[in-house]
Amino acid sequence: MALLKSKKSITITGKNLNKLGTKAVNIKPKTTKKIINRYHFLIKCRAYIFQLLGIDLIKTDDEEINNYVKSYLSKNMKNVILDLKFEDELLNLRKKYQKNKKLSLHDKDTLYSILDFITKEIVDNGGLQKYQIASIMGQNSDRGGDSSKKLMEWILELNDSGKVFRDMKTLEIGCLRVDNILSKHKYKKFVNSIERIDLNSNHPEIKKEDFLLKPIPETNEQKFDLISCSLVVNFVPDENKRGEMMRRLKKFCRNQGLLFFVLPLPCVTNSRFTDDHVLVKNIMERGLNFKLLKEHKSNKIAYYLFQNNNSVYDEIFLHSNHGSRKNIRGKPGMNNFCITFG
Ligand SMILES: C[S@@+](CC[C@H](N)C(=O)[O-])C[C@H]1O[C@@H](n2cnc3c(N)ncnc32)[C@H](O)[C@@H]1O
């Protein structure tokens, strides 16, 4: 793996492929959390700097982005500012640089240096690959396991209560492993085919594809009966692209189809801009015309199962009510998670 600091080749299942190659990578639970949080933080800062510098990058491959930044900096960065306190700069990015303000040459040099710092850290720490390994390990130790366990529990409940959800053509977005509960043979009568995609594939059955660039289905045949989007929207660093992801979930889902949607709990319980009302009532129900069927909150995770009412949705409502960030509550220590439709 080019991006890993270690020269050893590691698969997503944690297997070390070099030479004798089956030793599992062991990352402590505390460390997995650190790796995940730090990666999210860095890519969010990077996305914000891209916006400030007017870089509209379509690339989503981790390595391609890093290479793009390196060549961008080699063309543009004239003065490296060495005495920056990078952590302070990262924490205060939004306060210090507002999107509509003109950047001075010094501002630009500072942003280039921060971008350089971010890119080096991402590369040195193993990039998306390492993040994914930490996520898999985090699934087990930190979050109470594979989220598709909840999905299958709900599908069984719905079928028991007389609603028929069988033979579902399924799309799993942000797929880390092909042996999760959703993929179990015993559930084949419910989930008859699964298309698995991820920005970074670690298995031949996971297609390397960005959902944000996936061609929009033109026919009902091309759409899905079940879409799993677990812990993916919070990964997208730009809030407007999160909105675009939500629109796309709508466009990929058949009428009466299901959407399994999962977020880290603090996205709805501890955000200045998002709570259950905003997400469920406003964005999903009123805006995107989904109906909430099931909901569960664990200590760390918020799980939802929505059903698509029909293909109509209200772009005007979404744009006028959720076109940009709106503060719904503000207390120290809250996060800034939000989904916008600008
Ligand atoms: C935290 S992991 C979640 C994995 C798994 N779904 C789960 O619930 O544990 C997020 C995954 O989403 C993938 N991802 C993020 N944005 C994506 C996009 N636009 N298209 C496809 N995959 C994406 C990332 O590469 C990463 O592997």
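Let me start with Glu 239, which in this predicted model has a relative accessibility of 12% and therefore counts as buried, since the cut-off for that word is under 20%. Its side chain meets that of Arg 325 in a salt bridge, with 2.9 Å from N to O. Glu 239 belongs to helix α8, residues 239–252, while Arg 325 sits in the segment after α11 (315–322), so this pair ties together parts of the chain that are 86 residues apart in sequence. Arg 325, for its part, is partly exposed, with a relative accessible area of 27%.

There is also a network to look at, in which salt bridges with shared partners join Glu 195, Lys 207, Glu 209 and Lys 214. Within that group, Glu 209 and Lys 214 form a salt bridge whose closest N and O atoms are 3.0 Å apart. Glu 209 is buried at 14% relative accessibility, and Lys 214 is buried as well, at 7%.

The structure holds 22 salt bridges, and another one of them is between Lys 294 and Glu 157, where the closest N and O atoms are 2.7 Å apart. Here Lys 294 is in strand β6, residues 290–297, and Glu 157 is in helix α7, residues 148–160, so that the pair links distant parts of the chain, 137 residues apart.

Now to the annotated positions. Which residues does the "binding site" annotation cover? According to the unreviewed UniProt entry, they are Gly 174 and Asp 198, and although they are spread over 25 residues of sequence, they cluster in space, with a largest C-alpha distance of 4.5 Å.

Gly 174 lies in the loop between β1 (168–173) and β2 (191–198), and with a relative accessible area of 24% it is partly exposed. Asp 198 is found in strand β2 and, at 8% relative accessibility, counts as buried. The side chain of Asp 198 is joined to that of Gln 132 by a polar contact of 2.9 Å.

Stepping back to the whole protein, we find eleven helices and seven strands. The radius of gyration is 21 Å, close to the 20 Å that the globule rule gives for 342 residues, so the protein is as compact as a globular protein of that length. Of those 342 residues, 51% count as buried.

Conventions: Residues are numbered from 1 along each chain as its sequence is written. This is a predicted model: local features need pLDDT of at least 70, side-chain atom pairs count only at pLDDT 80 or more; totals for chains, interfaces and linings use all residues. Side-chain values use heavy atoms; hydrogens and water are left out. UniProt positions are given in the numbering used here, feature names are shortened, and annotations may be inferred rather than shown by experiment. Helices (H or I, at least four residues) and strands (E, at least two) are DSSP runs, numbered from the N terminus. Buried means under 20% relative accessible area, exposed over 50%, partly exposed in between (1.4 Å probe, protein chains only). A polar contact is a pair of N or O atoms within 3.5 Å; within protein, one must be able to donate a hydrogen and the other to accept it, and residues adjacent in sequence count only if both atoms are side-chain atoms. The radius of gyration is taken over C-alpha atoms; the globule rule is 2.2 Å times the number of residues to the power 0.38. A salt bridge is a side-chain nitrogen of Lys or Arg within 4 Å of a carboxyl oxygen of Asp or Glu.
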